[in-house]
Amino acid sequence: MLSKDIRSIFLDFFREKDHLVLPSFSLIPQNDPTLLLIGAGMAPLKPYFTGEKKPPHPRVATCQKCVRTPDIERVGRTARHATFFEMLGNFSFGDYFKEEAIFWAWELVTTRYKLSEDRLYVSIYQDDDESFNIWHKKIGLPPEKIYRLGKEDNFWEIGQGPCGPCSEIYYDLGPEHGCGRPNCAVGCDCDRFLEVWNLVFTQFNCTENNEYVPLAQRNIDTGAGLERLAIVLQGVSNFFEIDTIKPLLNHFCNATGVGYGEDAEKDVSLRILTEHLRGISFMVGDGILPGNEGRGYVLRRLLRRAVRHGKLLGVNEPFLYKAVDLVVKEYGEFYPELIEGQAYIEKVVKLEEERFHETLEQGLKILTELMENAGSKGILPGEAAFKLYDTYGFPLDLTKEILAENSLQLDEEGFYAALEAQRKRARSARVDNSFGGKDNSYQGIAALQNEFCGYAALTAESEVLAILKDGRLVEQAAAGDEVEIVLAKTPFYGERGGQVGDSGQLLAPNVQVKITDTIITPQEQIVHRGRVTAGVLQKGDIVQAVVAQSVRNAVCRNHTATHLLHKALRDVLGTHVKQAGSLVAPDRLRFDFTHLNALTSEQLQQVEQLVNERIWDNAPVHVDLVTLEEAREMGATALFDEKYGDWVRVVRVGDYSVELCGGTHVNNAGEIGVFKIVSEGGIGAGVRRIEALTGEGAYRWFAKRNQLLEESAAQLKSTAEQLPEKIKALLTEHKQLQREQQRLLLKLAGMEIDGLLEKVSEKSGVPVISAQVSAGNMETLREMADRLKNKLESGIIVLGAVAEGKVLLVCAVTPDLVKQGYHAGKLVGAVAKLTGGGGGGRPDMAQAGGKEPENLAAALEKVDELLQNQKK
């Protein structure tokens with residue numbers, strides 16, 4: 001049975017049981033700071049288990065892509081450990097519980113997958129009598145096929161969140177896969193009894209204090225590893241032989257010229273390449289880029305581990321990226337994001353391979369030397385490992401793995417001390433932008449609540465709930481005081497999602513407060529920052545809050561333009577483009593996005609054109625308040641790291657752009673006026689930045705450019721329209737004058753050459769011309785040396801000149817003296833050293849430079865002396 005059939009049978013079965021079948025979630029957890037990556041089918045569904053959110057249906061089934069790395073060192077060493085896998089699961093949120101979960105699992109494995117009941121066993125948590133009775137009395141399993149195991153084996157939890165006792169279904173692969181011990185049974189560490197399905201009866205929530213609190217609703221969370229089911233249903237011994245993975249293994253055998261099963265150590269490398277590439281492809285496809293922290297570090301760790309094992313098999317160039325196509329062919333039908341992002345995935349993988357290859361050889365050489373000098377204790381110093389990590393890109397785990405292969409250990413404490421020291425240096429260079437610094441001054445207003453009404457109006461009458469001065473709550477503030485103010489209701493937008501906070505005024509009889517910024521505290525209060533410019537403001541006052549309309553309008557133009565820019569970039573560059581950051585200010589917009597290469601001028605023009613076409617169409621901007629699931633169905637673009645509630649705002653610009661956004665926007669795209677990109681560049685590995693202008697800012701940019709154009713045309717006595725031709729003519733004239741100058745310089749040099757031929761020295765035993773000459777550039781100097789060389793039957797020429805405050809040196813040696821061992825490169829390098837410089841080249845011709853013109857004459861006088869030591 002093919003893997004795709006195993007997947008479809010599972011999902012269809014639970015669809016028949018009234019389950020909503022959802023597509024796989026991204027590997028990037030949404031709104032869950034406790035997880036780096038999705039490592040279980042239930043992980044994206046945690047809010048439904050805890051009751052924090054209402055599920056779209058009380059019964060759900062998925063096939064979830066997962067990545068786990070705790071056993072990464074064992075991947076490849078065994079044939080059963082993996083970092084990437086697919087988890088089939090059915091879930092109940094306060095609906096059915098143990099009995100239905102057990103009955104349906106047994107029905108599926110015995111009637112749909114048709115597994116032999118004789119080879120099936122189950123385990124339960126040691127105290128779970130309820131599950132025992134269901135398996136024994138209702139399913140009919142004999143007691144000897146039901147194993148009671150402890151918490152380590154049969155109590156499921158993964159960090160904070162839902163957890164509970166579980167029951168597992170095992171398949172007996174046969175004694176030939178076992179350890180041979182007479183007590184070999186379910187729970188044994190050998191490969192005989194393969195767990196194919198885990199049924200978790202979620203009854204508790206594990207808090208950050210490791211307390212188990214009963215859930216308000218009991219839930220079901222099951223997980224069946226697709227690859228494990230494939231091993232059983234395809235009758236193979238390990239997952240490297242199943243239909244989706246074996247083609248990858250065969251590919252790497254062909255790519256490396258190494259046969260699988262011929263050498264145990266080489267088999268390890270082949271398995272690592274095969275296994276890691278799947279996770280690498282899926283992670284990049286979900287928008288993760290290689291980096292030194294978090295998810296990026298996990299990806300880099302997998303990639304560089306694979307590159308290193310490719311090198312062990314004799315591959316010294318990028319090659320992993322070529323196998324991405326196989327992953328797409330095997331998985332793309334169910335995971336369309338792989339098909340959409342294939343070219344991008346290949347680029348990211350190839351670029352990371354190229355980067356690591358640049359430092360791998362040197363890093364391995366240094367590590368080898370360090371291991372040889374590890375001493376009798378066999379411990380590598382932590383600082384040395386940190387240098388490999390920081391300078392040569394060696395993930396810590398890769399260094400540890402290489403050390404383990406050589407029976408050595410690492411001083412991890414020293415490594416982390418060096419890492420922390422570097423982080424402290426970085427932190428000290430940054431300004432603390434946290435609210436109130438270490439002591440959060442907003443804790444005193446944590447219980448206050450205020451309402452934002454600024455989507456529909458720019459003015460509102462409101463009560464002053466709190467006044468802060470120097471971070472302390474006060475009852476009043478007088479003219480000249482810098483204050484922070486909380487209102488019961490406000491039209492002021494607080495800085496969030498890249499959009500800057502509003503500015504404006506708070507007005508009351510005889511009182512005026514100038515608001516310069518608006519922020520949102522960690523407790524979600526909107527706080528107005530400003531200065532009392534007249535009167536005395538008191539807590540409890542009723543004020544008129546007035547947002548600066550022109551500034552807000554400019555921000556709205558830039559925010560809607562940012563949405564259009566995002567969509568245009570995806571249209572021009574591909575769907576791999578994802579937002580990586582933004583700034584929406586009144587005077588400009590900045591948009592960071594994932595892309596590997598600099599945009600060409602043609603691509604920038606395309607993007608700009610697409611945005612402006614939507615503006616000229618005057619597309620209407622609609623805002624809808626919908627559930628997150630409804631937003632997904634609308635195709636709305638969302639940011640994985642943003643926090644979304646049950647209800648979200650979807651901003652639609654015509655039928656072109658659809659994004660989740662809490663910011664403020666124009667009513668029609670035509671209000672943007674015009675859009676102009678003013679810069680594009682890289683800000684990090686795989687991340688680009690575009691800065692652009694709209695409206696008045698764009699107009700001023702065009703006006704300034706036009707003024708510069710007119711002024712330049714006037715200086716050249718031309719019109720703006722004739723300027724390109726005028727510049728072209730001037731450049732042609734300039735090149736002609738340069739050629740004439742060079743001709744005259746060479747003519748002068750020819751006259752100087754005749755004089756030099758009369759100054760040949762033979763103090764060193766060979767004819768030598770060593771002199772300072774008049775040459776404005778290296779080209780002229782080389783031409784003079786060539787002419788002298790052609791006129792001498794045998795000899796060595798060393799010429800020096802000073803141009804723009806720097807020393808230029810050229811050395812030429814005739815063929816007969818080259819044969820005797822004289823070397824132009826070595827000689828000119830020695831002369832250049834005397835002038836504070838260096839250089840070198842071929843035995844017959846070489847050049848160099850220096851920084852000390854005042855020492856040139858003395859250096860040239862040393863040529864005869866230096867020649868005595870210049871033979872090979």
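Mentor: Gladly! Let's begin with pairing: two strands pair if DSSP finds at least two bridges between them. Strands (E, at least two residues) and helices (H or I, at least four) are DSSP runs, numbered from the N terminus. Keep in mind that this is a predicted model, where local features need pLDDT of at least 70 and side-chain atom pairs count only at pLDDT 80 or more, while totals for chains, interfaces and linings use all residues. Residues are numbered from 1 along each chain as its sequence is written, and side-chain values use heavy atoms, leaving out hydrogens and water.

Trainee: In what order do the strands of the open sheet with mixed pairing run?

Mentor: That sheet has 5 strands, in the order β30-β31-β32-β34-β33. At its edges are β30 (768-772) and β33 (838-841), each pairing on one side only. Antiparallel strands β33 and β34 (residues 845-850) are joined by 4 bridges, and G839 stands opposite A848 in β34.

Trainee: How do α12 and α13 pack?

Mentor: Angles under 35 degrees count as roughly parallel, over 145 as roughly antiparallel, 65 to 115 as roughly perpendicular and the rest as oblique. Helix α12 (residues 342-372) packs against α13 (residues 382-392) at about 170 degrees, with axes 10 Å apart. The two helices are therefore roughly antiparallel. From α12, residues including F356, I366 and L370 meet A384, L388 and Y392 in α13.

Trainee: And which residues have the most contacts inside the largest nonpolar core?

Mentor: In soluble globular proteins, nonpolar side chains tend to be buried together. A nonpolar core is a set of buried Ala, Val, Leu, Ile, Met, Phe, Trp, Tyr and Cys residues joined through side-chain atoms within 4.5 Å; buried means under 20% relative accessible area, exposed over 50%, partly exposed in between (1.4 Å probe, protein chains only). In this model, the largest core has 117 residues, and Y113, W135, W197, L320 and F394 have the most contacts inside it. Its largest share, 9 residues, comes from α12. A second, separate core of 30 residues includes C556, L565, F591 and A692.

Methods:
Axes are lines fitted to C-alpha atoms, for helices over the stretch in contact, and angles run from 0 to 180 degrees between N-to-C directions. Contact means heavy atoms within 4.5 Å.
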